[in-house]
Amino acid sequence: MAESKSPPVAKKVEHVMEMFGDVRVDNYYWLRDDSRSNPDMLSYLREENHYTDFVMSGTKQFENQLFAEIRGRIKEDDITAPLRKGPYYYYEKNLQGKEYVQHCRRLIPDNKAEPSVYDTMLTGPDAPPEHVLLDENIKAQEHDYYRIGAFKASPDHKLVAYAEDTKGDEIYTVNVIDSEALKPVGEQLKGLTSYLEWAGNDALVYITMDEILRPDKVWLHKLGTEQGSDVCLYHEKDDMFSLELHASESNKYLFVASESKTTRFVFSLDVSKPQDGLRVLTPRVDGIDSSVSHRGNHFFIQRRSTEFYNSELVACPVDDTSKTTVLLPHRESVKIQEIQLFRDHLAVFEREQGLQKITVHRLPAEGQPLEGLQGGRSVSFVDPVYSVDSTESEFSSRVLRFKYSSMKTPPSVYDYDMDSGTSVVKKIDTVLGGFDASNYVTERKWVTASDGTQIPMSIVYNKKLAKLDGSDPLLLYGYGSYEISVDPYFKTSRLSLLDRGFIFVIAHVRGGGEMGRQWYENGKLLKKKNTFTDFIACAERLIELKYCSKEKLCMEGRSAGGLLMGAVVNMRPDLFKVVVAGVPFVDVLTTMLDPTIPLTTSEWEEWGDPRKEEFYFYMKSYSPVDNVTAQNYPNMLVTAGLNDPRVMYSEPGKWVAKLREMKTDNNVLLFKCELGAGHFSKSGRFEKLQEDAFMFAFMMKVLDMIPASG
């Protein structure tokens, strides 16, 4: 069939909505089809995909070259830093040319010795043999999409339970296998979330969802029985709340939490007697958010309230949860992000001035009284801006394992001796293709927002290529919702931009959590527009500081960051040359008025409930779809996933259709909808890189940076 050169035109079907005397007409409402099978809708999505392929056909060779370059930096056969658990090392292994991982383990020959930061896993002919527990490559052969959401060995290591999603809709099936014979044990459990934990060696606890995909019930399953006879431990009926589940570091308790955006309360389950069911550990009090850990005869509770917005840490006896002692008081400038407990230590992950830190405290012997904690030892890091994450560690050891990276330091795993203060690097991801970290500069800059607030930005560039005279191309990235922090992280594919002279910047705008809880509070509900104006202030400041010019400025955001793109491009279309909006949440008002859509009810505490007039008009004033006007827009690439349960494909779909109808420019607007993927795009590790190559090719095509041969 002959390719059409003009962009697709979606048919218009008038759909009138009225509220508070305000009439809105949505001509593209028909694109929403929850069964995802309407032939007109699918044919429109395919037409958009064909048009995208047509526009990008001339740069396909360059895109393939980029993909080969990005893939060429990856050491394809590699293993993760082995994690000591009981008598085994557990790790994941990538194989040459394979999209997915193998889950493996090896016996530790001297597994009674105290773990040390200097331990290494023996390999080679004399070492205990490698045992492959699960090869995702074999499982994935039967599916277009494959993702493991949980992989858990039983406490005695004889069984493994894993949760798999074969569609991208985040609905999992759980299989239990014998870890030696690798044969299935009992029936599959179907229709689950990825929350899954062992309660002893012969029972599992898991969570299921209601019809709006809200995790609402927690179940106890005894191995060898039918799923139909599982016991429901708790049903959360309030649709503002969702359930989650995790195991204590001590492995003595499971904690079930029910949380909304402002409130969180916790139940405990003693794994030695799961038949006793859940017990209330922290009460349900509006505005109080608690997370719980366990050690010895104490529960440790991280507690946040309106007054103590950056959290305090308290402890209480296991048998009297009302008797609390403050271990770390609330501090205005330091936010407690999370804690990790050990037999003799406590590691506290904190944030101060937009940077993460880890402080380690030695605890009195188990059974001794707990007092307030003083001082503590801080772990030191090398880069001016960086990212540090907790990861699983061995409870009965003095070794804290953490992950570290920066915009110029590849992801690294460290083991830190909490007594001596020694850090030992266990693994740094290999980056092939001549990567040298010393070629890159990473820095922090601050911007004054319109209300005087100082907004941090993290910047990276290749010092041999960036001219810093205003002529460099720049990609500005933002998110700014849900108190999520976008810390300065490393991304291998990004080197393909930096090594072509791009500067990459993260704008840590309000609505995120980078600067503590209030940073989030000041970028949500009726203060949401701060997120957008902060981002615009960052863009303008970067131009002033000669990092780039309007003609070379690109911006990118995904999901709620896609809302940021949509709002900013309506407000300041003149400021950017290229916009990339991934799975963007752009139909804010219509979606938030519909409680049948997944996530809507629980999201009212984030965006506001538009069934109330004040919120209705405020949300309408920035909702991207509702504010598309007849004006010039920059060049835009918009993506979606047909099976996405978080942002319905029809939101970006109708936004693009409306932009095509209204915009007055001749700039490129492309819509790429994956018909076999969900919110997190494709599932294979190389397939994901193809998407980066496509996006980079689009940006460089618009900026006229593609060499003639490409």
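Student: In the sheet whose strand order is β23-β24-β25-β26, what is the sense of the pairing?
Tutor: The model under discussion is a predicted one. Its strands β23, β24, β25 and β26 form an open sheet of four strands in that order. The pairing in this sheet is antiparallel.

Student: Why is one side of β23 and of β26 left without a neighbour in the sheet?
Tutor: β23 covers 334–341 and β26 covers 377–378. One side of each is left without a neighbour because both stand at the edges, each with a single partner strand.

Student: Which residue of β24 is the bridge partner of K335?
Tutor: β23 and β24, the latter formed by residues 345–352, pair in the antiparallel sense over seven bridges. In β24, the bridge partner of K335 is R351.

Student: Which residue in β29 does R401 stand opposite?
Tutor: Strand β28 (residues 399–405) and strand β29 (residues 412–417) run antiparallel and are joined by six bridges. In β29, the residue opposite R401 is D415.

Student: At what angle do helix α1 and helix α11 pack?
Tutor: Two packed helices are described by the angle between their axes and the distance between the axes. Helix α1 spans residues 39–56 and helix α11 spans residues 650–662, with their axes 12 Å apart. α1 passes α11 in a left-handed crossing. The packing angle is about 65°.

Student: How many residues of the contact of α1 with α11 are nonpolar?
Tutor: From α1, the residues Y44, E48 and Y51 take part, and they meet G653, V656, A657 and R660 in α11. By class, one residue of this contact is polar and two are charged, while the number of nonpolar ones is four.

Student: What is the volume of the largest cavity?
Tutor: Rolling a probe the size of a water molecule over the atoms shows where empty space is left. A search of the whole structure finds one cavity of 30 Å³ or more. Among the residues lining the largest cavity are V176, E187, H221 and T225. Its volume is about 40 Å³.

Methods
Residues are numbered from 1 along each chain as its sequence is written. This is a predicted model: local features need pLDDT of at least 70, side-chain atom pairs count only at pLDDT 80 or more; totals for chains, interfaces and linings use all residues. Side-chain values use heavy atoms; hydrogens and water are left out. Axes are lines fitted to C-alpha atoms, for helices over the stretch in contact, and angles run from 0 to 180 degrees between N-to-C directions. Helices (H or I, at least four residues) and strands (E, at least two) are DSSP runs, numbered from the N terminus. A crossing is left-handed if the near helix is turned anticlockwise from the far one by less than a right angle, and right-handed if clockwise. Contact means heavy atoms within 4.5 Å. Ala, Val, Leu, Ile, Met, Phe, Trp, Tyr, Cys and Pro count as nonpolar, Asp, Glu, Lys and Arg as charged, and the others, Gly among them, as polar. On a 1 Å grid over the protein atoms alone, a cavity is a set of points where a 1.4 Å probe fits but cannot get out, and a pocket is an open set with protein on both sides within 12 Å along at least five of seven lines; lining residues have an atom within 4 Å of a point. Grid points are joined across faces, edges and corners, and a volume is the space filled by probe spheres set on the points. Two strands pair if DSSP finds at least two bridges between them.
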